Amino acid sequence: MTVLASVAARRAAAAGLALTACLTATPAAFASAGTAPDPAAQAAATPPGPGLDRYYRQKPDWRSCVKGTDDTTGHDLDKAGAQCADVTVPLDYADPKGRTITVAISRLKATDTRRRVGPLLLNFGGPGGPALGDPPDMRKAMKDVGTRFDLIGMDPRFVGRSTPLDCHWPVGTSIFSAGLGREGFDRQVALHKDLAAKCRATNASVLPHVSTRNTARDMDVIRGALGERKISYLGYSYGTYLGTVYTQMFPGRYDRMVLDGALDPRRYHPRLLQGVQEENEQALADWAAWAAKRHDAYGLGRTRAQVLATVDRIVKASARGLTLGTAPEVFRLDDTRVPTLIFAGLSSDTDSARAELGEQVSVLAKAAEGRPARLSDAVRKTLKDLLTSQNSHYGSVQTAILCGDGAAPRDPEVYWRDIERSRAAHPLLAPLAHNIGPCAFWDRPREEPTRVRHDARALIVAATGDPRTDYEGGRALHGMLPGSKLITLKGANQHGVYLEYGNACVDRQVNAYLATGELPASDRTCVKTTG
């Protein structure tokens with residue numbers, strides 16, 4: 001059970017799909033150019049740029065975080081002693097005198113003032129995940145070391161309480177499978193073309209400015225508004241890419257940098273899942289072995305092979321359509337939706353995560369047999385988050401960031417050929433990993449991807465079986481940043497480790513770095529513990 005259970009619950013929809021890794025093999029787009037001389041001292045003092053002074057010199061108006069009587073997040077922040085503010089940033093950094101937007105932040109000030117380090121900005125990935133409400137839980141989880149930092153929760157531009165973006169989609173994600181054949185793929189082409197059109201119709205004026213580079217610029221404005229020379233950073237998943245971009249755009253303006261669930265920046269691309277099929281298949285197989293030992297609870301089979309065969313039967317039956325729930329909440333799933341639901345449950349190998357997936361697959365198995373099944377609150381919430389307009393805001397922002405960061409192929413046949421080439425080897429995941437998305441119908445990004453030109457003394461954390469950001473991605477980032485150190489967690493199918501997984505070895509190493517600012521003398525390896 002994660003020690004950040006309440007954080008995980010708030011961002012459950014994002015964690016399931018927070019493919020915060022956006023993986024694809026496009027190394028030429030983000031090449032390491034070696035390491036330039038460290039410009040730390042002069043960079044921190046460099047003026048932010050023409051016309052930007054007023055943003056850097058603004059004084060946050062700290063106030064209560066509560067937005068209304070039902071605002072649980074705000075009440076929790078206030079109870080913990082945090083305060084909130086809106087930081088004004090330019091929509092377009094090339095036009096600082098033009099339209100402005102706001103970025104919502106929270107601050108839980110350090111209580112160990114004698115050993116205060118400074119601000120620690122949090123990002124849990126997504127892309128598009130909020131973090132404004134997370135400082136209280138992080139303070140508890142970090143224990144003594146957390147008291148040395150002003151914990152800064154940020155809702156990145158267009159996320160959460162920041163200036164919003166919502167394309168008013170009928171679904172909460174753009175991550176679906178192409179299904180079992182051409183008919184399903186053709187439906188997906190039509191869906192994603194429509195999703196892109198909805199974003200263009202509702203948010204055309206801001207879409208060109210939704211990008212990781214602009215979020216990094218916002219982070220530096222926040223640093224300046226806080227009156228700090230440097231800011232520390234803790235990023236998970238996609239947050240590791242954001243952190244890497246910040247180190248390249250603003251070298252010398254960061255202190256301690258933890259990148260957990262790290263990805264190879266050269267593989268960051270709108271085609272999120274390419275390259276992680278094997279890790280997810282292993283995670284699925286390990287979950288199936290776990291579920292087989294609990295056949296009496298889930299009824300999916302008494303061996304791993306039997307459980308996997310049940311999953312296969314569910315997917316095949318979904319081509320005819322599955323109905324879950326009862327009126328007024330009825331969910332209809334086909335072979336483009338069911339793989340997404342299964343995939344969403346594979347980001348962690350904890351018992352709680354596996355039990356949630358077991359419950360979902362049990363419901364699907366009954367539906368595939370035409371039997372009614374009661375939906376638990378957890379299953380109902382997952383279905384609503386993914387398959388209804390309830391979570392449109394999250395899916396809209398996630399997609400806008402991905403499409404704003406990199407271009408995707410325009411021709412649907414490119415996707416179809418990739419699916420067909422890999423379907424035999426990966427029948428469940430190839431149609432998901434290679435499927436088309438809204439970025440195929442998006443305008444091209446305004447900026448080129450960031451290139452790694454500066455070394456960064458970051459602490460990178462990676463699990464060998466991470467189903468979202470594979471272990472090789474963490475190793476690759478470590479190689480691109482020779483001043484970094486790598487903590488490896490062996491034997492875990494886990495996305496996000498520090499304070500998420502309860503591994504004392506990892507937590508101890510990261511806490512020591514955050515407390516002292518000293519990286520380990522060498523790379524470290526920790527091992528998954530059981531029982």
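The legends below describe close-up views of a predicted model. Local features require pLDDT of at least 70 and side-chain atom pairs pLDDT 80 or more, while totals for chains, interfaces and linings use all residues. Residues are numbered from 1 along each chain as its sequence is written, and side-chain values use heavy atoms, without hydrogens and water.

**View 1. Packing of helix H8 (residues 212-225) against helix H9 (residues 238-249).** The two helices (DSSP runs of H or I, at least four residues, numbered from the N terminus) meet at an angle of about 65 degrees, and their axes (lines fitted to C-alpha atoms over the stretch in contact, with angles from 0 to 180 degrees between N-to-C directions) lie 9 Å apart. H8 is therefore roughly perpendicular to H9 (65 to 115 degrees).

**View 2. Residues in the contact of H8 with H9.** Contact (heavy atoms within 4.5 Å) involves Thr212, Arg213, Thr215, Ala216, Arg217, Met219, Asp220 and Arg223 of H8, and Tyr238, Tyr241, Leu242, Val245, Tyr246 and Met249 of H9. By class, 8 are nonpolar, 2 polar and 4 charged (Ala, Val, Leu, Ile, Met, Phe, Trp, Tyr, Cys and Pro count as nonpolar, Asp, Glu, Lys and Arg as charged, the others as polar).

**View 3. The largest cavity.** Its volume (the space filled by probe spheres set on grid points joined across faces, edges and corners) is about 240 Å³. A cavity is a set of points on a 1 Å grid where a 1.4 Å probe fits but cannot get out, and lining residues have an atom within 4 Å of a point. Of the 20 lining residues, Pro270, Leu272, Asn435, Ile436 and Gly437 are the closest to the centre. Helix H16 (392-405) and helix H18 (430-433) each supply at least two lining residues.

How values were computed:
Parallel < 35°, antiparallel > 145°, perpendicular 65-115°, else oblique. 1 Å grid on protein atoms, 1.4 Å probe; cavity = no way out; pocket = protein on both sides within 12 Å on 5 of 7 lines; lining within 4 Å.
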